[in-house]
Amino acid sequence: MTKAARPSGSPGREARGPAQLYRSRAPRDETAARSDDSAPLFGLPDAWWPLALSEDIQREPRAVQLGRQRLAVYRTPSGVAHAVEDRCAHRRVPLSLGRVTEDGLLQCGYHGWCYEGAMGRCERIPNLRADERPPGRIRVRAFPVRERDGFVQVRVGGGDSSDPDAAREGDRAAAPSALRALHGGALVRAPLAEVIEAVVANIGAALGLGWLIAAGDEARSPTVTVGQAELTVVRQRDFSGRWRVPTFDALGRRLRHHPATLRTTTRLASGMTWLEADGPVDGSVVRAVVGLTPIGAYRTAVGWRWVLEAGNGWALPRSVLARVPSRTPGHVKRSLERAADLSPGSADDGVLSVRSARAVLEPPPSALGPVAERPSHAGSPQDRPRRIP
Amino acid sequence: MTQEAVTPDVAPTGAADADSRSSALTTRWRPGSFALRDAWFPVLHTQTLRRRPVRRAIHGQPVFVFREAGEVVASEDHPYDVARGRTSFTEFTAGTGRYPVAERYGYAWVWYGDPENASPDLLPDVPYLPRAGGLARHRVGSVIFDSTYELINENLLDLTHTDFVHSSLVGDSLSDEDEISVDSTSETVTMIRTAKGRRTPKTQRLLVRSEHQDLRAVTHVHVRSGVCVLHGDFRPGLSVRLLHPNVPESPFRTRTTFTMVTERANKVLRNLFPLVSHLIGSQDNRVLQPQNPLYRGVESEERPDMSSRFDAAGMRFRKVHQELVARQQQGDFTYLPDGDPSRDVAELLDVDRVD
């Protein structure tokens with residue numbers, strides 16, 4: 001894993017000398033490309049957006065769509081992840097159909113043009129003589145990328161010295177260590193806003209992890225704290241199932257007296273959510289992180305990882321955890337879609353707060369719809385032949 | 001001192017002219033948006049015709065090919081419908097329902113355009129195929145591409161793509177020298193690629209002991225019809241003579257009714273090469289299929305295509321194509337004197353004529 005550098009703009013740092021110098025060079029976990037005007041390409045508000053779980057980005061380039069923009073995401077042999085537009089500057093063929101060379105360039109699968117991932121420059125065109133180089137103006141759009149919380153993330157819009165993600169520096173300890181976490185992903189047919197609300201309302205039910213993350217009836221109403229860039233909800237839920245026979249108590253209620261406390265923090269722009277909660281066993285703690293990638297207007301890719309830490313010096317054996325299937329996309333997809341479908345009708349305090357807090361974001365979610373403008377055609381279409389009766 | 005490897009394809013007459021013309025070729029190039037007419041299209045291998053009529057299309061215009069009293073004919077409607085009076089005869093058949101048809105090189109060639117202008121003298125010259133046809137069945141075939149035909153013509157004019165798309169069959173890009181020369185008329189574009197010291201690809205190692213070989217590859221494209229006449233001459237090695245007609249069925253589909261003959265090959269390669277047509281085709285289709293919509297106005301912004309010196313032939317193709325479109329939009333469908341499709345190209349391809 002790449003070691004993350006401290007962003008020098010984090011609040012609370014008084015020293016400005018070396019940190020300021022350092023800021024003008026790329027921090028170790030971020031590429032140098034800056035694209036402050038990139039937001040219109042995506043149709044999404046400025047934020048660090050998760051593209052995929054780190055494990056899912058290997059040397060083979062992968063096509064990932066974020067909002068309206070198609071990206072080719074890949075990892076160089078040295079392990080650095082990059083995201084460039086999925087379109088060769090030569091003849092428009094998707095770069096995700098290509099490959100990554102030994103020296104870490106993304107090579108188009110059509111004519112072999114090679115691009116570096118930081119600035120998107122074309123570094124090599126095959127068959128040129130040794131003294132020929134591609135002109136500097138041949139390039140593709142490259143976007144800043146970092147790896148954090150076990151996700152490969154891309155920056156939409158400009159960097160910001162008051163970047164709220166910097167504030168999470170202190171919370172880094174709360175994010176599950178990638179090495180110990182179990183992870184999974186699913187592609188959900190629901191808009192990003194609904195999936196965010198589903199996660200805020202009941203993350204355990206949304207992920208189909210009701211045995212791990214309490215997903216039952218609320219024991220105490222939620223406490224919501226809305227910040228400038230994120231929203232925190234503290235709840236208490238039983239470990240009983242979501243489902244219960246009407247007019248009866250839920251079955252699990254007798255088995256466990258103490259409801260679990262769940263604390264979720266959700267980034268307002270991207271919906272990325274961190275969870276810390278009481279686990280199913282007394283004294284245990286569950287930590288999870290969920291990353292949401294909107295694909296167009298009606299689909300969302302969901303990635304998650306979680307870790308269960310047992311208290312009282314007793315550790316759940318890895319062999320037990322390993323038996324839990326870490327990827328059950330079918331069942332999680334269904335539970336996420338079901339939860340997302342219920343979101344619009346939800347009146348939960350947490351959901352209402354996140355909805356009103358997100359209403360002021362730019363651009364609005366409708367920006368992800370089909371592109372309205374079409375360029376004019378240079379040649380006129382062939383006239384339809386007249387039919388001779 | 002390094003030199004920039006971009007070939008400007010437009011002679012600058014004035015800055016504004018050059019910019020708008022070059023932008024028409026790099027940014028506003030819209031393949032599949034204009035159907036060039038008055039040309040012969042080889043829609044079918046006649047040896048595959050049985051009793052039932054075969055349905056083909058040219059620029060979205062239906063063509064039914066069948067035998068009538070031993071002769072190959074092409075009709076706008078299925079004979080079953082014609083017999084029941086269900087016809088949709090258009091100006092492409094002057095209201096008769098029958099297209100002009102010619103048989104040559106084992107193909108049924110159908111004239112798309114004004115039937116008055118159809119003439120066998122306008123059939124393209126393919127020097128390495130016998131006019132009477134009669135080639136073995138395994139030498140011919142039909143490959144469907146999910147793309148408009150102009151992009152396939154470009155694909156054949158920049159054969160550097162073979163180093164990546166077809167590397168397992170025709171080799172990689174490492175060579176001592178690699179030169180491209182381009183020539184054109186008002187109807188055709190010719191690309192000649194000479195590469196020396198290329199690594200012999202695996203499949204040819206069956207034939208060739210040498211680790212390296214030279215290559216002279218010629219692609220001769222008839223722009224209106226999409227008929228491509230190719231010769232790949234590997235020395236030491238085999239000579240591949242490929243007729244690659246790209247028949248535009250729709251803006252998203254092209255039918256390539258190919259014929260492949262080889263020289264200096266052993267029996268294995270002679271029989272192997274035609275069989276790999278679908279393998280090669282699917283390798284090309286993998287990039288052509290996603291590429292096509294991006295040239296049809298699907299993108300929200302217009303950005304110019306970048307080129308290197310290996311794109312000289314492809315850019316020349318765009319230029320010739322646009323000039324033909326411009327003339328046809330004015331109602332001029334004629335062939336200019338320099339653009340005779342039946343011109344002898346044996347010397348150009350460096351092959352001996354069969355007849």
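Predicted model: local features only at pLDDT ≥ 70, side-chain atom pairs only at ≥ 80, totals over all residues.
Colleague: Which side chain of opposite charge is nearest to B:Asp38, and how far away is it?
Modeller: B:Asp38 sits in the loop between helix 1 (15-26) and strand 2 (39-45) of chain B. The residue is buried and has no salt bridge. A salt bridge needs a side-chain nitrogen within 4 Å of a carboxyl oxygen. The nearest side chain of opposite charge is B:Arg224, 5.1 Å away.

Colleague: Which backbone nitrogen lies 2.8 Å from a polar atom of the B:Asp38 side chain?
Modeller: Leaving aside residues up to four places away in sequence, B:Asp38 touches several residues, including B:Trp111, B:Tyr112, B:Phe333 and B:Tyr335. B:Asp114 is also one of the residues touched. The backbone nitrogen at 2.8 Å is that of B:Asp114.

Colleague: What span should helix 8 of chain B have, and how far apart are its end C-alpha atoms?
Modeller: Helix 8 of chain B covers residues 312-329, which is 18 residues. At 1.5 Å a residue the helix should span 26 Å, and this agrees with the distance between its end C-alpha atoms, 26 Å.

Colleague: Which residue just after helix 8 of chain B takes a positive phi?
Modeller: The helix itself has buried residues, among them B:Met315, B:Phe317, B:Arg318 and B:Arg327. Just after the helix, a positive phi of about 95° is taken by B:Gly331.

Colleague: How many residues of strand 16 of chain A are buried?
Modeller: Strand 16 pairs in the antiparallel sense with strand 15 (residues 230-237) over eight bridges. Strand 16 also pairs in the antiparallel sense with strand 17 (residues 273-278), over five bridges. Strand 16 (residues 260-267) is mostly covered, and the number of its eight residues that are buried is six.

Colleague: Which residue takes a positive phi in the hairpin of strand 16 and strand 17 of chain A?
Modeller: Across these strands, A:Thr266 has A:Thr273 as its bridge partner in strand 17. The hairpin has five residues between the strands. The positive phi, near 80°, belongs to A:Gly271.

How values were computed. Residues numbered from 1 in each chain as written. Chains lettered and ligands numbered in written order. Heavy atoms only, no water. Helix = DSSP H or I, 4+ residues; strand = E, 2+ residues; numbered from the N terminus. Buried < 20%, exposed > 50% of the residue type's maximum accessible area, 1.4 Å probe, protein only. Lys, Arg positive; Asp, Glu negative; His and termini not counted. Polar contact = N/O pair within 3.5 Å; in protein donor to acceptor, adjacent residues only side chain to side chain. Contact = heavy atoms within 4.5 Å. Expected span 1.5 Å × (residues − 1). Pairing = 2+ DSSP bridges.
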